[in-house]
Amino acid sequence: MRLLICIKQVPDSTTRVKVAPDGTSIVTDGITWSISPYDEYAIELALEQKDNAADTVVSVISVGGPRTKDALRQALAMGCDDATLVTGEGADTLGPLGIANALKSAIDELKPDLVLCGKQASDDDQGFVGPALAEALGWPHVAVVTKVAPSAAGTEIWKEVEGGHEVWKASGAAVLTVQKSEKEPRYPSLPGIMKAKKKEIPERPVTGVEDPVTIEIVKLEPPPARGGGKIFKDGDVKAHAAALATLLRDEAKVL
Amino acid sequence: MDFDVPEELLLLKRTVREFVEGRLQPIEKQVEDDDKIPDAILKEMGALGFFGLPFPEEYGGVGAGDLGYCVALEEFGRTSAAFSNLIGAHTAIGSMSIYLGGTEAQKKQYLPDLTAGKKIAAFSLTEPSSGSDAASIQTSAKKQGDRWILNGTKIWVTNGPIADVVVVYAANDRTLGARGGITAFIVEKGYTGFRVGKVDDKMGLRGSYTGELVFEDCEVPEENVLGGTVGSGFRTALGALDIGRISLAAGAVGSSQHLLELAIAHSKRRVQFGKPIAVNQAIQWMLADSAVEIHAARLMVYDAAAKMDRGTRASTEAAMVKVFASEMAGRVVDRVMQIHGGMGYMKESPVERAYRDARILRIYEGTSEVQRMIIAEELLKA
Ligand SMILES: Cc1cc2nc3c(=O)[nH]c(=O)nc-3n(C[C@H](O)[C@H](O)[C@H](O)COP(=O)(O)OP(=O)(O)OC[C@H]3O[C@@H](n4cnc5c(N)ncnc54)[C@H](O)[C@@H]3O)c2cc1C
Ligand SMILES: Cc1cc2nc3c(=O)[nH]c(=O)nc-3n(C[C@H](O)[C@H](O)[C@H](O)COP(=O)(O)OP(=O)(O)OC[C@H]3O[C@@H](n4cnc5c(N)ncnc54)[C@H](O)[C@@H]3O)c2cc1C
């Protein structure tokens with residue numbers, strides 16, 4: 001089986017995001033970039049297939065500028081077999097539909113059996129590219145996937161639903177968007193890192209991206225600074241407790 | 001000239017950092033209290049390649065070179081010293097002795113299991129009557145037919161109590177001393193006449209084991225003479241100690257950096273006399289002095305390790321970085337405890353553990369005095 005994971009490079013979750021002076025973007029200087037966490041779960045899910053069946057080929061692909069190669073290398077270091085960078089002028093400013101179309105032209109050639117995406121990227125949380133890619137490819141899409149397993153008639157797909165999961169079956173190619181699951185993504189192995197360093201990452205030009213929908217960010221604002229909180233000091237403990245309960249109910253509305 | 005971690009090692013550094021923060025820091029108190037690293041963690045570390053960092057891929061190693069190894073150990077410095085101590089003794093002096101001094105057949109036989117962490121190595125030189133004066137070892141090696149017979153007692157062998165493979169240095173001819181009189185042997189757990197003696201109860205380094213190894217007519221096959229040559233053991237030991245000293249310094253840098261970060265955070269948070277203690281110059285200067293020394297030590301580590309990777313001998317640099325970084329670590333942890341006040345003295349604080357763990361750095365792999373001897377000898381020669 002050949003699995004392809006579409007990954008996005010995003011600011012690491014520990015990054016303190018600052019709005020840039022233009023008010024529509026963030027300051028990217030000094031940011032540590034990572035693979036978007038749900039994409040890492042997708043990689044883990046694919047690598048588990050490889051653990052179980054050695055002839056599984058796991059590929060990764062990303063659309064972006066030169067630094068996106070770091071994310072692809074990290075995926076190689078985790079154990080993926082090959083990586084492709086779709087790049088060129090404007091690659092890092094494409095909207096989600098443009099990215100889906102750029103991925104589609106690559107996938108038409110790479111011909112994987114299954115395409116996996118994270119269910120959403122951790123930076124813009126749009127959750128758009130996966131379903132849009134399925135639409136562009138004309139493939140079925142299954143969302144919030146936590147597990148896949150090969151079966152006689154194709155692939156069994158575990159899909160999260162309220163309070164449990166459903167098992168779906170795909171008889172042919174499909175796009176799965178992957179949810180966080182219990183199995184944490186593996187660490188890249190150190191030999192894997194050194195090997196990934198030497199691996200060639202082929203580049204493909206961005207093609208077929210005409211994007212009928214233009215999404216423009218009008219304004220970015222940091223959330224308001226948090227207030228100082230209330231501290232009950234000294235005095236009658238019982239009265240404090242009563243006051244606290246009232247505040248939790250009426251002000252914080254958590255009771 | 002570029003003094004930063006090279007681009008290709010950044011992902012390695014980051015991965016080790018994430019592993020240390022994600023897996024090791026959460027259990028460092030447990031390792032301390034139980035005096036044991038959980039087996040599952042050791043297995044995971046082995047699978048990720050943590051036991052074969054500097055060695056080439058052909059022996060199952062990571063191929064990260066000495067610099068890559070030091071960069072990783074710097075990150076391991078950020079948690080309980082049990083981890084860097086285990087890895088250090090296993091890699092830089094135990095396995096490294098085989099890598100530097102072994103025949104191709106010995107390297108092929110032993111290194112793959114060692115680099116994979118399936119077997120643990122130790123380096124055994126010190127004896128009750130031979131510490132700094134390592135060339136005066138008494139453990140004897142006598143040839144008998146196709147085997148060698150070892151007799152003697154080794155002490156303070158890091159990993160000794162758990163090791164599967166021990167590189168043992170013994171005297172084949174006491175009259176010859178360092179040049180020609182000392183031979184290294186690869187001894188496996190289970191060899192007749194070899195046993196683990198007392199396991200030491202140490203001031204720090206809890207979770208890492210150090211102990212006595214006893215050789216009573218211990219039989220070692222001829223093919224386990226390291227490098228197949230009698231009398232060349234001392235050179236191998238010194239070669240392994242070079243990288244041992246540099247990587248020990250790398251751990252000291254990482255540990256000191258981590259402690260400095262703790263002190264910075266504490267000094268901003270802790271309010272006395274109505275303001276954070278960080279606003280006092282007395283505190284600021286302790287932070288600044290620590291940052292200066294850590295920076296200097298880090299550059300010394302990278303320089304010495306990069307020299308080794310280029311194939312340049314760096315024994316003097318190794319001695320310099322060892323003495324500087326280990327003494328620096330002592331000063332930094334002392335300041336960091338001072339900044340933490342009473343809290344730093346308590347077992348619940350990682351600073352208390354770090355204070356005990358830092359002390360050994362000036363003693364093993366050659367005391368500070370021995371490093372100065374090495375440096376001075378170089379300065380005064382010819
Ligand atoms: C926790 C721990 C782990 C260890 N792990 C290992 C290991 O894995 N393998 C191994 O082989 N050994 C190991 N050792 C031994 C270690 O390398 C020795 O302790 C060290 O080399 C010092 O030797 P010594 O303790 O006998 O001190 P001594 O040599 O007795 O020195 C005592 C003091 O005298 C000073 N001194 C000695 N000679 C001179 C001189 N000529 N001029 C000035 N001062 C001098 C020393 O610097 C020191 O301050 C370990 C020790 C410890 C404590
Ligand atoms: C084992 C132990 C036993 C103790 N026994 C007792 C006891 O019996 N009774 C009792 O009452 N207390 C006791 N103490 C508390 C002890 O007296 C305090 O720990 C000590 O006074 C320091 O206070 P602190 O720990 O809160 O540190 P902090 O006051 O928070 O100081 C932290 C650091 O900031 C520095 N600092 C603070 N203010 C300034 C400033 N203005 N300028 C420059 N530097 C500054 C300090 O010198 C220190 O380095 C004990 C503590 C310990 C650890």
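Student: How many residues of domain 1 of chain B are in contact with domain 2 of chain B?

Tutor: Keep in mind that this is a predicted model. A contact here is a pair of C-beta atoms within 7 Å. By that count, 23 residues of domain 1 of chain B touch 17 residues of domain 2 of chain B. On the domain 1 side, α2 (28-34), α5 (81-101) and α6 (104-115) of chain B each give two or more residues. The largest share, 12 residues, belongs to α5(B).

Student: What is the make-up by class of that side of domain 1 of chain B?

Tutor: The side of domain 1 that touches domain 2 in chain B has 10 nonpolar, 10 polar and 3 charged residues.

Student: How many residues of chain B are in contact with chain A?

Tutor: The contact involves 15 residues of chain B and 11 residues of chain A. On the chain B side, α1 (7-24) and α3 (39-48) each supply at least two residues, and α1(B) gives the most, with 6 residues. The classes on this side are 9 nonpolar, 3 polar and 3 charged.

Student: Now the ligands. Which residues are closest to ligand 1?

Tutor: Of the 21 residues that surround ligand 1, the closest are B:Gly131, B:Ser132, B:Thr158, B:Thr367 and B:Glu369. At least two residues come from each of β1 (121-124), β3 (147-158) and α11 (368-380) of chain B, and the largest share, 3 residues, is from β3(B). Domain 2 (121-232) and domain 3 (235-380) of chain B each contribute at least three residues to the shell around ligand 1. By class, this shell holds 10 nonpolar, 8 polar and 3 charged residues.

Student: Which residues are closest to ligand 2?

Tutor: Ligand 2 is surrounded by 13 residues, with B:Ile277, B:Asn280, B:Ala282, B:Gly341 and B:Gly342 the closest. Two helices of chain B, α8 (281-309) and α9 (315-340), each provide at least two residues of this shell. The classes around ligand 2 are 7 nonpolar, 5 polar and 1 charged.

Methods:
Residues numbered from 1 in each chain as written. Chains lettered and ligands numbered in written order. Predicted model: local features only at pLDDT ≥ 70, side-chain atom pairs only at ≥ 80, totals over all residues. Near = placed C-beta within 6 Å. Helix = DSSP H or I, 4+ residues; strand = E, 2+ residues; numbered from the N terminus. Nonpolar A, V, L, I, M, F, W, Y, C, P; charged D, E, K, R; others polar. Domains from an automatic or database assignment. Contact = placed C-beta atoms within 7 Å.
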